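I'd like to walk you through a structure, so please have a look at it while I talk.

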Amino acid sequence: MMAHDPSLSTGAAALNALAGPESDEFEAHLAECVICSSEMAGFLETAARLGAAAAQTPPEAMRSAVMAMVSVTRQLPPEVTGTTLELPVQGRHHGDPDAASEPAAGPGAQTELVGAKVIDLNSRRRFSGRLLLAAAAVIAIAIAAVAIFKTPDNTDANLALKNCVLSAADTHVQPATDDSQATSNVRLSNSCGAAIIELSNVGPLPADKTYQLWIIAGDQSRSVETMLPDGNGTMPVVVTALQVGDTLLGVTVEPAGGSAQPTTAPVVKVPITA
Amino acid sequence: MELVINEPDGSQASASGTNTVETAEQMMGLVSKGDQAAFARLYDAMSARVFGLARRILRDPAQAEEVGQEVMLEVWRRASRFDASRGSALSWIMTMAHARSVDRVRSAQSATDRDHKYASTTVERDVDVVADAVETSLERKQVQRCLGSLTDLQRESINLAYYSGFTQAEVAVALKTPLGTVKTRLRDGLIRLRDCLGVPA
């Protein structure tokens, strides 16, 4: 008579309804019970359908925040099976909180617990959504700033910023001033903290000159990059992070190679407003 | 820093050339290789489910949003660990969403919050939510229909465990039913639900 058969716990386990010791016991049992594993997989699929049935449209800000964080979050490398070092694993509900959130999906999933924690997501839990977004934006800006000076292939961060601007609810076109000597299409999103800058109908330059894009905050200027128009007077598209307090995007003509600070008046000015 | 945008919509950047509908598993495959455009598509396919489940369990929209962010970021971070031979992407993601939400519930609740009285009122609330859920989505209708095919005890046990994040011991107290019975009802309820939903056994 099996008064206490762990095999009967598959239902509770799939619904995440086992507490600490029961959960440990079941996981140990699962490792050697093939029928249980297969039943669990079907139950987890079933539970997922229950979850999906509760779908609700999330706030727009969630998307921008996730995209911004993704751009600065390293992915775990694939697991190398067979050679991974087994570490002692704490119980799911009283040990490592990251492990507690581990998908129990699939037999043998517990090996997923092995591996580096690149970012302790748990520590972020205490932040409010807005703080999280702000923190992510600051990190994104820091990364973008590094990219400006080191110019590595940092296109991932840029792609995320671009996607964020393209999809954010608060993205708007920021017009250039009337005296600007170019056609501009500047799309700016405050929630992403970023802008996509497209300039065309730009005049040709002598070989010893270059255009340089600046972000101006009051009387401070930060160089974004130097750029040259193609034969049709179209500039390369630039994605850049912005910070709170930035007031203007400006393009000046500088000696080839660029300048540390603007040396001429901007030929294109795009005020940054909320 | 330069980035030339050829396509009007970044999400097209790495879509496969075919016209077939991209599955979540295919998206996961691309995401595991660092494809952020694929991740954006996966987000659009999954975020409402993740957020909705977190909202259902936690009730508080702000907390649900935080969990939604955490889970979607975990999907990105752990994409290489997803193995389609073990289960669907939906199952993998929703398991994470449920675990994260329940973690919050359990860590926030002191033992005194979980007394019998609290459990009883929650049962009533939860039943109301199920009854009030007016949704046209086929997915939801099918789940509602299948939940309706369960016995009351099966359905209440599953609702409390899954949507309220109760442990089976808490479910037993809330329903004034022996633990062994709850354990069995969770399992046979899920078997019936699985077969009703057409999930392969």
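Chain A averages a pLDDT of 75, and 69% of the residues score at least 70. Across the elements of chain A, the highest mean pLDDT belongs to H1(A), at 95, and the lowest to H5(A), at 41. Two stretches deserve a pencil mark. Over residues 83-128 of chain A the pLDDT is below 50, yet the model gives this stretch 76 contacts beyond near neighbours in sequence. Then there are residues 143-154 of chain A, where pLDDT stays under 50 and the model has 15 contacts beyond four places in sequence. Where pLDDT is low, the predicted coordinates should not be read in detail.

Now for the make-up of chain A. Its secondary structure consists of seven helices and eight strands. The chain has 274 residues, and 41% of them are buried. If you take contacts in chain A between residues at least 6 apart in sequence, 64% join residues at least 24 apart.

Chain B reads quite simply: nine helices and zero strands. Of its 201 residues, 48% are buried. Among its contacts with a separation of 6 or more, 61% are between residues 24 or more positions apart.

While we are in chain B, look at a pair of its helices. How do the axes of H1(B) and H2(B) cross? Helix H1 spans residues 24-31 and helix H2 residues 36-58 of chain B; their axes come within 8 Å and cross at roughly 145°. The crossing of H1(B) and H2(B) is left-handed. On the H1(B) side, the contact uses Ala24(B), Met27(B), Met28(B), Leu30(B) and Val31(B). H2(B) answers with residues including Phe39(B), Arg41(B), Leu42(B) and Met46(B). By class, that contact has 10 nonpolar residues, no polar ones and one charged.

On to where the chains meet. Here 75 residues of chain A are in contact with 75 residues of chain B. Several elements give two or more residues to the chain A side, among them helix H4 (60-70), helix H7 (155-167) and strand E5 (220-227) of chain A. Which element gives the most to that side? It is H3(A), with 12 residues. In terms of class, the side of chain A that touches chain B has 46 nonpolar, 20 polar and nine charged residues.

H3(A) is worth a moment by itself. This helix has 19 residues and reaches 27 Å from its first C-alpha to its last, close to the 27 Å expected at 1.5 Å a residue. H3(A) is also mostly covered, with 15 of its 19 residues buried.

Last, the two loop residues. Asn201(A) sits in the loop between strand E3 (194-200) and strand E4 (209-217) of chain A. Its phi is near 55°, a positive value in a residue other than glycine. Is Asn201(A) buried or partly exposed? Asn201(A) counts as partly exposed because it has 13 C-beta neighbours inside 10 Å.

Over in chain B, Arg59(B) lies in the loop between H2 and helix H3 (61-78). Arg59(B) is not a glycine, but it has a positive phi of about 70°. With 13 C-beta neighbours inside 10 Å, Arg59(B) counts as partly exposed.

Definitions and conventions
Residues numbered from 1 in each chain as written. Chains lettered and ligands numbered in written order. Predicted model: local features only at pLDDT ≥ 70, side-chain atom pairs only at ≥ 80, totals over all residues. Contact = placed C-beta atoms within 7 Å. Helix = DSSP H or I, 4+ residues; strand = E, 2+ residues; numbered from the N terminus. Nonpolar A, V, L, I, M, F, W, Y, C, P; charged D, E, K, R; others polar. Axes fitted to C-alpha atoms, helices over the stretch in contact; angles between N-to-C directions. Left-handed = near helix turned anticlockwise from the far one by under 90°. pLDDT = per-residue confidence, 0-100. Buried ≥ 20, exposed ≤ 12 C-beta atoms within 10 Å, placed from the backbone. Expected span 1.5 Å × (residues − 1).
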